[in-house]
Amino acid sequence: MRPPQAQRRRILAEWVAVAALSSIVLLLAVLGGAATRLDNLFYDAMTRLSARPPSADIVVVAIDNRSIAEIGRWPWPRSEHATLLRRLAEAKPRAVAYDVLLVDPDRDPAVDADLAAAVALTPTLLPASFDVPGRDGAPYEIALPVRPLRAAAAGVGHVNVAFDADGVVRRAFLSQHAGDQEWPHLMELMARQTGGGPSPTWRAARPPAAAPDTPPGIVRTRPVMVAYGARPGDIRTVSFVDLMRGETPAEVLRDRLVLVGATADGLGDRYATPLSGGEEVMPGVEMQANLLDTLLSGRAVRPLDRTPLALFALAPLWVVLAGFLVLRPRANLALGLAVAAVVLIGSGLLLVFGRIWAPPAATLVALALVLPLWSWRRLEASSAFMTTELRRFAAEPDVLPTGAATARPAGEVIAQQMDLMEAALEQARDLRRFLHDVIQGLPDATVVLAADGKVLVANRAAENLFAAIAGRAPVGETLDHLAAALTPQPAADGEVETEATAPDGRTFVVRRTPLLTARGGRAGEIVRYADVTSLKAAGRQREDILQLLTHDMRSPQVSILALLDNHPVAPDLSTRLRGYARRTLDLADDFVHLSRAETASLTTEPVDMVEVALDALDDLWPQSQAKSLMVNGPDADTPLLVAGDRGLLTRTLINLLDNAIKYTEPGGRITCDVRLDESRSPPRVVCTIADTGRGMPPEEAAQVFERFRRARGEANRGVSGAGLGLAFVQTVVQRHGGAITCESRPGEGTRFEIVLPRLDQPDEPEPESDSLAALG
């Protein structure tokens, strides 16, 4: 009998709680190093079991107790080091790593020059050290060999030691950064003397950006675990003083990798290693020799990165947790013991044969704690509940129906669950493929961001874009880093659409659209980069043309008129020249007004059309009086408001009134009226301008708003104009959401009617507030 719904939910909740709690605790233990001491014991034991003799190509020249006794107290004069290096050069070793800090210049520059000459005889590598903190409050200080020695050396590498929490040296960092400078490890440089390039271990090490225990200002990367094979004293060693006296056969050193360093007591260069027993410690030069042997043999142990390490730790736990859903308690116990054995043996095999360190202790502890937390009844209930939920999911309608009904699974419980899970995953894959194809099909560069700003999906256009501006694929990177080359930076919040320029000069409109979860939370963003370079170029070309018309073309015409005013010219010729010049000026002005009316952004505000009409009449009062025209203005008592650009609307009525004055004979009448037409739904503001002028045929009135279209007929030949004024009027009216009509008959005058949305009508569409992209 199946348990009640409430009980099934409770048991499932318990399973989820156990799984989540155990996984979180395990992750904290693994990433926080809670079980490090147990792991170190296992690592040291496996290291001793897998130890092997060191390479015969490595020879240590030891600054030992006998050398100190015979040569004198440390530090020695640099002449002693120069003598040794010349002895080494006679033996012709392959390379020399001189593990002695020579960071302070000698009082006599000739001494440093002599030592530098000795350094240059053989490919010699010198150490650099990092002091933390540095002097005068600096976070660090780099101790480099003196300049003559650096110039003569084949390379300079760091020799800093990384201690584990128990004081044992198990690892080394092959690379250390300080500011913009990278310093490879001294032993990595030695390995390169043999291989001619970076060691395989260097290339294989893919570290985090910085080690967790890195001091401020220093970034240590490429961590490796040293594969110790030689205990203290196991590496072939010759005494410093014996070599200086010529008592060491050249064959011992010929074509060998020679490490010169201190082994004498009291020099403070001794460390505990996994091979140390009791109080036994290893001199630093022998530890470096073990690292060099590790690099040469390719036996470096690489610790797992955080993500693989978390997976390695969690996978066994999840296996046991999954067993709780399908197995009985006795089977769960057997599964837990088997998984623990696999973890322990697998970690050892990875270390010995794969040279990969995957700490097992935290996982073993977690398995030992989680096994008693579950019971057979909860297992049965959880298994039944999962089956029910998967069936419900399979019965839900698919966003992308395949046309075939999902078969009802049968058979054993796990088989049913696997079938149902396979169907659910197939459905999810179909949906993901559908979304992927949609993104790829977009013409603009488009990326989908996670909530942390990292790119989840990018289409081909986006891959090409960021390959050009960032030099890397976008998926997995943060958008801030990818778009760092764009100026200005596209805003992440507060702006829906911004504009940015790439280093190659391309201009993009960046539109960010938030992605929300079903509960309204922010899940990420869709960011689209639309290339508007050609549109921007066209806009600049348009502005250049307007500049040409407003300045370069007007200036000569104004100069012509000025010359006609100040120099005598035949009257007939002067009249014709003035007419041509004024016509050119009018054409340039009208074209500029029309172009700006089409493209400029509207500055919308409440505008009283009655006031606009009165302003236009006042502006043209001198012209109307010169022709003795009777002009009737609007008589509305209340304001009739529209939302618009006051300057453009005033210019519109001026153009219409100016045409009426031009085409009306002296003594005629012009009427300008503004009213509210309540017969329309909703009511509209109507502005009418009528005259008693010459008029035109209806077929001409239908085309009067076309560019360069003017009234025909002999009577209209003397009227100035370029035929762009009414095109300007129609553009402004349409951009304000209105309409304009023209009615005219020959000899009966002309009547223009403008209809605009009233501002106080909430259901009316507002006029544009940005550039009219649709009109191009």
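This is a predicted model: local features need pLDDT of at least 70, side-chain atom pairs count only at pLDDT 80 or more; totals for chains, interfaces and linings use all residues.
Residues are numbered from 1 along each chain as its sequence is written, and side-chain values use heavy atoms, with hydrogens and water left out.

Okay, helices. When I say helix or strand, I mean DSSP runs numbered from the N terminus: H or I with at least four residues for helices, E with at least two for strands. Take α21, residues 609–619. Which of its residues are buried? Those are Met-609, Val-610, Val-612, Ala-613, Ala-616 and Leu-617. Buried here means under 20% relative accessible area, exposed is over 50%, and partly exposed is in between, using a 1.4 Å probe and protein chains only. These residues sit on the same side of α21, because they cover an arc of only 160 degrees around the axis. That arc is taken from the directions from the helix axis to the C-beta atoms. As background, an α-helix has 3.6 residues a turn, so residues three or four places apart point the same way.

What caps the N-terminal end of α21? Asp-608 does, with a side-chain oxygen 3.1 Å from the backbone nitrogen of Val-610.

Over in helix α25, residues 725–735, we find Thr-731. Thr-731 counts as buried because its relative accessibility is 10%. A polar atom of the Thr-731 side chain lies 2.9 Å from the backbone oxygen of Ala-727.

Next up, a sheet. Three strands make an open, antiparallel sheet, ordered β7-β6-β8. The edges are β7 (181–184) and β8 (218–225), each pairing on one side only. Pairing, by the way, takes at least two DSSP bridges between two strands. Strand β6, residues 171–178, has four antiparallel bridges with β7, and Gln-176 stands opposite Trp-183 in β7.

Now Arg-302, which is in strand β13, residues 302–303. Buried or partly exposed? It's partly exposed, because its relative accessibility is 28%. Leaving out residues up to four places away in sequence, Arg-302 touches Ala-204, Ala-205, Arg-355, Ile-356 and Trp-357, where contact means heavy atoms within 4.5 Å. Arg-302 and Arg-355 are 53 residues apart in sequence, yet 6.3 Å apart in space, C-alpha to C-alpha.

Last topic: aromatic rings. How many aromatic pairs does the structure hold? Eight. Rings of Phe, Tyr and Trp (its six-membered ring) pair if their centres lie within 6.5 Å; planes under 30 degrees apart are stacked, over 60 edge-to-face, and the rest tilted.

Trp-76 and Phe-240 form a tilted pair, since their centres are 4.8 Å apart and their planes at 55 degrees. Trp-76 is in the loop between α3 (65–71) and α4 (78–91), while Phe-240 is in helix α9 (residues 240–244), 164 residues apart. Trp-76 is buried at 6% relative accessible area, and Phe-240 is buried at 0%.

Phe-163 and Tyr-271 are tilted as well, at 5.6 Å centre to centre with 50 degrees between the planes. In this pair, Phe-163 is partly exposed at 41%, whereas Tyr-271 is buried at 16%.

And to finish, ring pairs link Phe-42, Tyr-43 and Trp-357 into a cluster.

Key
A polar contact is a pair of N or O atoms within 3.5 Å; within protein, one must be able to donate a hydrogen and the other to accept it, and residues adjacent in sequence count only if both atoms are side-chain atoms.
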